[in-house]
Amino acid sequence: LGKLLPQHPMHAVLRSTFDKAAGPFFGLPSTLLRLVIGLAELSAGLVFMAVPWGVNGLPADKKAPAEALLLCAILGMLAIMTGALLFNWVAERQLQKLTPYIVFITLLILFFRIQVQTTDFERLP
């Protein structure tokens with residue numbers, strides 16, 4: 001939420017990082033990049049919380065699309081975390097900041113593999 005809400009304690013630091021470094025690094029307007037990434041992370045987080053716990057309460061015809069949505073959220077977060085890893089590695093040269101991204105990417109890959117194995121693609125509309 002720090003990328004989206006000005007009242008968040010991390011907002012000033014994140015905004016400054018996007019304005020001075022991330023926006024120019026990716027060649028995109030910093031505000032647009034910050035908002036798109038913030039909204040993507042927020043929506044993926046909501047999907048991460050809602051689908052695994054709520055899928056059992058869904059009608060049978062809605063389970064597979066909900067699980068496919070979870071796969072999309074995982075892939076989106078993989079893209080964002082890979083971009084963040086590359087940014088911290090290339091632009092900022094801060095190797096100590098890479099470990100959380102490597103751990104998160106590894107967990108997302110494992111989560112994706114499990115989800116691919118358990119999603120019933122035959123039931124997708």
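Biologist: What does M77 touch, not counting residues up to four places away in sequence?

Modeller: In this predicted model, M77 touches E41, A44, F48, F104 and L108, once residues up to four places away in sequence are set aside.

Biologist: And which residues have the most contacts inside the largest nonpolar core?

Modeller: M77 is one of them, and the others are F48, L70, I74, M81 and L108, in a core that has 21 residues. The elements that give two or more residues to this core are helix 1 (11–26), helix 2, helix 3 (60–91) and helix 4.

Biologist: Which helix gives the most to this core?

Modeller: Helix 3 does, with ten residues.

Biologist: Let me step back for a moment: how many helices and strands are there in the protein?

Modeller: The protein has four helices and zero strands, and reading along the sequence gives the pattern α-α-α-α. Along the principal axes, the C-alpha atoms fill a box of roughly 50 × 30 × 25 Å.

Biologist: What share of the residues count as buried?

Modeller: Of the 125 residues, 31% count as buried. As for the surface, the protein exposes about 8,000 Å², and carbon and sulfur atoms supply 70% of that area.

Biologist: What about contacts, how much comes from residues 24 or more positions apart?

Modeller: If you take the contacts with a separation of 6 or more, residues 24 or more positions apart account for 58% of them.

Biologist: Charges next: how far apart are the mean positions of the positive and negative ones?

Modeller: There are 10 positive and 7 negative charges, and their mean positions are 9 Å apart.

Biologist: Switching to rings, how many aromatic pairs does the structure hold?

Modeller: It holds four aromatic pairs. For F48 and F111, the ring centres are 5.8 Å apart and the planes stand at 65 degrees, over the 60 that the label needs, so this pair is edge-to-face. The pair links distant parts of the chain, with F48 in helix 2 (residues 30–54) and F111 in helix 4 (residues 98–118), 63 residues apart.

Biologist: Are those two buried or exposed, starting with F48?

Modeller: F48 has 19% relative accessibility and therefore counts as buried, the limit being under 20%. F111, at 27% relative accessibility, counts as partly exposed.

Biologist: Which residues do ring pairs link into a cluster?

Modeller: The cluster is made of F25, F26 and F87.

Biologist: How far is F87 from V13 in space, C-alpha to C-alpha?

Modeller: They are 16 Å apart in space, C-alpha to C-alpha, and 74 residues apart in sequence.

Biologist: OK, what about A64, where is its place?

Modeller: A64 has its place in helix 3, where it is buried with a relative accessible area of 3%. Leaving out residues up to four places away in sequence, A64 touches T119, D120, R123 and L124. From T17, however, which is 47 residues away along the chain, A64 is separated by 39 Å between the C-alpha atoms.

Biologist: And P65, what does P65 touch on the same terms, not counting residues up to four places away in sequence?

Modeller: P65 touches L124 and P125, which puts L124 on the contact lists of both A64 and P65. The place of P65 is also in helix 3, but at 28% relative accessibility P65 counts as partly exposed.

Biologist: Last one: is I102 buried or partly exposed?

Modeller: I102, which is found in helix 4, is partly exposed, with a relative accessible area of 45%. I102 and T31 are 26 Å apart in space, C-alpha to C-alpha, and 71 residues apart in sequence.

How values were computed:
Residues are numbered from 1 along each chain as its sequence is written. This is a predicted model: local features need pLDDT of at least 70, side-chain atom pairs count only at pLDDT 80 or more; totals for chains, interfaces and linings use all residues. Side-chain values use heavy atoms; hydrogens and water are left out. Buried means under 20% relative accessible area, exposed over 50%, partly exposed in between (1.4 Å probe, protein chains only). Contact means heavy atoms within 4.5 Å. Accessible areas come from the Shrake-Rupley method with a 1.4 Å probe; for residues, only the protein chains shown count as cover. Lys and Arg count as positive and Asp and Glu as negative; His and the chain ends are not counted. The place of a charge is taken as NZ of Lys, CZ of Arg, CG of Asp or CD of Glu. Rings of Phe, Tyr and Trp (its six-membered ring) pair if their centres lie within 6.5 Å; planes under 30 degrees apart count as stacked, over 60 as edge-to-face and the rest as tilted. A nonpolar core is a set of buried Ala, Val, Leu, Ile, Met, Phe, Trp, Tyr and Cys residues joined through side-chain atoms within 4.5 Å.
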